[in-house]
Amino acid sequence: MAEAEKKLPRIEIDAVRCKGCSICVDFCPTKVLIMKGTIVAVDNLAACTRCQLCDLRCPDFAIRVFD
Amino acid sequence: MAVPAAKQRLSVPFDYDKYLRPGKLPHIWCPGCGHGIVLKSLLRAIDKIGWEKDNLCMVSGIGCSSRTTGYVDCNTVHSLHGRAFAFATGIKFSKPELNTIVISGDGDAMAIGGNHFIHLCRRNIDITVLVYSNAIYGMTGGQYSPTTPAGSYATTSRYGNIEPPFDPCEMAKAAGATFVARSTAYHTKELEKILLQALEHKGTSVVDIIDSCPIYYGRMNKFKSASHMMNGLEKDGTITVAQAAKLTPEEIGGRQLRGILHQAERPEYCENYDNIIVKQATATKGA
Ligand code: SF4
Ligand code: SF4
Ligand code: SF4
């Protein structure tokens with residue numbers, strides 16, 4: 001389990017699709033994401049729990065979290 | 001590496017692109033509009049039920065919600081304002097094997113298409129209706145709709161709406177729909193589950209989905225952001241049927257109920273019609 005926890009997830013943001021609504025930033029339980037101007041950016045990848053809430057609530061099909 | 005099954009499943013993102021027409025995104029909806037979230041829940045439910053895209057037909061009317069049909073890679077009809085119900089009835093009636101879904105909004109379904117909506121429910125034809133309820137006419141500039149709460153603001157109710165709103169679920173139930181449920185864009189997994197049950201249901205199923213129009217309803221009613229609105233209206237503004245069962249009406253207050261609100265069994269329209277054909281054919285043969 002320790003190894004799996006060390007492995008960081010990969011967060012893919014589609015810059016063309018993202019409209020900067022901040023929904024993913026506001027609902028991320030561990031504050032992984034931030035707004036950088038009008039597009040979302042990853043700020044603290046180590047805190048990501050791969051809960052997928054950002055993807056589930058993104059209205060623009062713009063963010064995906066891979067293991 | 002032994003990762004628990006649930007965790008393993010969660011960490012694989014769903015591939016929405018296989019249900020979307022290539023090159024159509026970014027979509028037309030405003031930043032933070034709930035319609036995209038609802039569409040994603042619907043696509044996951046369709047994937048779960050396993051319908052082939054060729055056997056699926058989505059019909060919409062006019063409005064922001066109705067733009068959905070432009071994005072989904074299946075048989076689609078973007079019809080007239082309020083008339084998606086009539087178009088869908090015709091499609092289902094002539095091709096009962098097509099899994100048919102109507103995408104509508106509160107204005108499209110409750111006002112302009114109100115009459116078509118009730119008669120679709122009355123017939124109990126095997127169609128699933130999604131009402132994207134954001135309490136506003138978004139596409140035409142933020143006019144109040146039949147579901148805008150009394151007292152709230154729209155471009156046509158600058159001093160507060162003086163009309164009482166309709167409840168699309170009560171309307172569907174009274175008209176004869178045999179599956180009636182409500183969820184929200186915020187509760188995206190719950191919504192997916194309810195949509196799956198609605199798709200599985202034989203007969204007319206109606207799902208009222210509270211989602212947010214941050215651009216008109218949100219701005220007019222002093223919501224600071226899309227998430228502020230989702231928290232206020234969708235999360236705090238609703239309560240599950242199970243939770244509500246333990247509370248008094250005073251404790252429930254103005255919160256809207258989520259979950260399956262009505263389910264009944266009644267003969268389905270296309271089957272009824274088929275029965276007549278079979279009966280008449282056998283009668284003629286016998287004569
Ligand atoms: S998967 Fe969960 S924890 Fe990771 S960025 Fe998305 S919302 Fe945050
Ligand atoms: S929810 Fe989607 S569109 Fe909104 S900021 Fe995040 S990635 Fe961008
Ligand atoms: S006007 Fe409102 S409902 Fe229409 S796309 Fe924009 S946010 Fe969504």
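Is Phe61(A) buried or exposed? Phe61(A) is buried, at a relative accessible area of 7%; buried means under 20%, exposed over 50% and partly exposed in between, with a 1.4 Å probe and protein chains only.

Colleagues, this is a predicted model, in which local features need pLDDT of at least 70 and side-chain atom pairs count only at pLDDT 80 or more, while totals for chains, interfaces and linings use all residues. Residues are numbered from 1 along each chain as its sequence is written, chains are lettered from A and ligands numbered from 1 in the order in which they are written, and side-chain values use heavy atoms, without hydrogens and water.

Let us turn to the rings. Over all chains, the structure holds eight aromatic pairs. Rings of Phe, Tyr and Trp (its six-membered ring) pair if their centres lie within 6.5 Å; planes under 30 degrees apart are stacked, over 60 edge-to-face, and the rest tilted.

In one of these pairs, the ring centres of Phe61(A) and Tyr16(B) are 5.4 Å apart and the planes stand at 85°, so the pair is edge-to-face. Tyr16(B) is also buried, at 5% relative accessibility. In chain B, Phe14(B) and Tyr19(B) have ring centres 6.5 Å apart and planes at 5°, so this pair is stacked. Phe14(B) is buried at 17%, and Tyr19(B) is buried at 8%. Ring pairs link Phe61(A), Phe14(B), Tyr16(B) and Tyr19(B) into a cluster.

Finally, the charges. Lys40(B) lies over the face of Phe61(A), 5.4 Å from the ring centre; the criterion is NZ of Lys or CZ of Arg within 6 Å of the ring centre and within 35 degrees of the ring normal.
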